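Subject: Structure handover

Hello,

Here is the structure we talked about. Please open it and keep it beside this email as you read.

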Amino acid sequence: MPIVLIEPRGFCRGVRQALELLDRALQENPVYVLNEIVHNKTIIAAYQQKGACFVQNIQDAPPGSRIVFSAHGVPPETRREAIQRGLKIIDATCPLVQKVHAEAIEFTRRHIPIIYLGHKNHEEVRGVCGEAPQNITLIESIDDIQLIPRGRRQYAVLTQTTLNIEDTQKIIAALKKDFQIIEPKQKDICYATAARQEAVRKTAPQVEAVLIIGSQNSSNSIRLKEIAEAAGAKAYLADSYRDLPADIKKYKSIGITAGASAPEYLVQECLAYLA
Ligand code: SF4
């Protein structure tokens, strides 16, 4: 069966940087990590083995201990709570997420209201919204445009870093019909998301199925699955080859990619399984 290894795939710079910081922190124990350092089950299990304590609240880390903020970033309130508790912060927020935080702060300082495109319950979105909750209207789809207050004509538009580029362009085009829109000079959807999506868009029409190695809570991996499906391929998002359907070998051709937080060895295992 022809198998296409789709490139680029897997780890992005932000994920590598976050994991390097955590590795360095783990040279001494204990280390607390707020939420999942990156959204990948295999990675989380591996770091639990190495001694990392994953917690969901600042209050779960003992006063004076070290706490790592995940690649997705945190709201400023969380940072304040950590400082008040005397925690030593190790900040693994991706610089490209920090860029969106900085834009939210700057537009708010200039009294420009913000429309933020993102998925409501994602940690990155909670972090950015926390910078200026009174100034940000969060929307997830074209239908949500009706939720935007009509009192103002001009809005800045920011986005989550891992959105589907084509869907985002459609929403921004729809927004431009109703509002005067200011966009950041450099787009918020990151280079890694853009390149991985483009590669899947090109390959999916040439294969019967696309396998995306990644976790079910990984936003960028979910987008890759949607893009493969939209291109007409059957698509599967799986943590490893063990989670694939039993009849996966029935396809005549398969493309394999991986989300930005999925390690390459899982792709190679999948390749060996299908060969
Ligand atoms: S996917 Fe993009 S924004 Fe997210 S960690 Fe990677 S480089 Fe940073």
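Below are the notes on this model, one topic at a time.

First, the ground rules. This is a predicted model, in which local features need pLDDT of at least 70, side-chain atom pairs count only at pLDDT 80 or more, and totals for chains, interfaces and linings use all residues. Residues are numbered from 1 along each chain as its sequence is written, and side-chain values use heavy atoms, with hydrogens and water left out.

**The annotated site**

An unreviewed UniProt entry carries the annotation "binding site" on C12, C94 and C190. UniProt positions follow the numbering used here, feature names are shortened, and annotations may be inferred rather than shown by experiment. The three residues span 179 residues in sequence, yet no two of their C-alpha atoms are more than 10.4 Å apart, so they gather at one spot. C12, C94 and C190 are also in the lining of the largest cavity. On a 1 Å grid over the protein atoms alone, a cavity is a set of points where a 1.4 Å probe fits but cannot get out, and lining residues have an atom within 4 Å of a point.

Where does C12 sit? C12 is in the loop between strand 1 (3-5) and helix 1 (13-25). Helices (H or I, at least four residues) and strands (E, at least two) are DSSP runs, numbered from the N terminus. C12 counts as buried because its relative accessibility is 13%; buried means under 20% relative accessible area, with a 1.4 Å probe and protein chains only. Not counting residues up to four places away in sequence, C12 touches Y191, A192, R196 and A260. Contact means heavy atoms within 4.5 Å.

C190 lies in the loop between strand 9 (180-182) and helix 7 (191-203). C190 is buried too, with a relative accessible area of 14%. Its contacts, leaving aside neighbours within four places in sequence, are L96 and T161.

**Helix 8**

Helix 8 (residues 219-230) has 12 residues. From first C-alpha to last it reaches 17 Å, close to the 16 Å expected at 1.5 Å a residue. The expected span is 1.5 Å times one less than the number of residues. Its buried residues include R223, L224, I227 and A228. The buried residues of helix 8 pack against helix 7, strand 10 (209-213), strand 11 (234-238) and strand 12 (254-258). Just after helix 8, G232 takes a positive phi of about 100°.

**Nonpolar cores**

A nonpolar core is a set of buried Ala, Val, Leu, Ile, Met, Phe, Trp, Tyr and Cys residues joined through side-chain atoms within 4.5 Å. The largest one has 23 residues, and L22, I37 and V68 touch the most other members. Helix 1, strand 2 (31-34) and helix 2 (41-49) each give two or more residues to this core. Helix 1 gives the most, with six. Leaving aside neighbours within four places in sequence, L22 is in contact with V31, V33, I37, Y47 and V68. Apart from this core lies another, of 16 residues, among them I213, L244, I248 and Y251.

**Aromatic pairs**

Rings of Phe, Tyr and Trp (its six-membered ring) pair if their centres lie within 6.5 Å; planes under 30 degrees apart count as stacked, over 60 as edge-to-face and the rest as tilted. The count comes to three pairs. Y155 and F179 form an edge-to-face pair, at 5.1 Å centre to centre and 80° between the planes. Y155 is in strand 8 (residues 154-159), and F179 is in the loop between helix 6 (165-178) and strand 9. Both Y155 and F179 are buried. Y236 and Y251 have ring centres 6.1 Å apart and planes at 55°, so this pair is tilted.

Best wishes

Key:
On a 1 Å grid over the protein atoms alone, a cavity is a set of points where a 1.4 Å probe fits but cannot get out, and a pocket is an open set with protein on both sides within 12 Å along at least five of seven lines; lining residues have an atom within 4 Å of a point. Buried means under 20% relative accessible area, exposed over 50%, partly exposed in between (1.4 Å probe, protein chains only).
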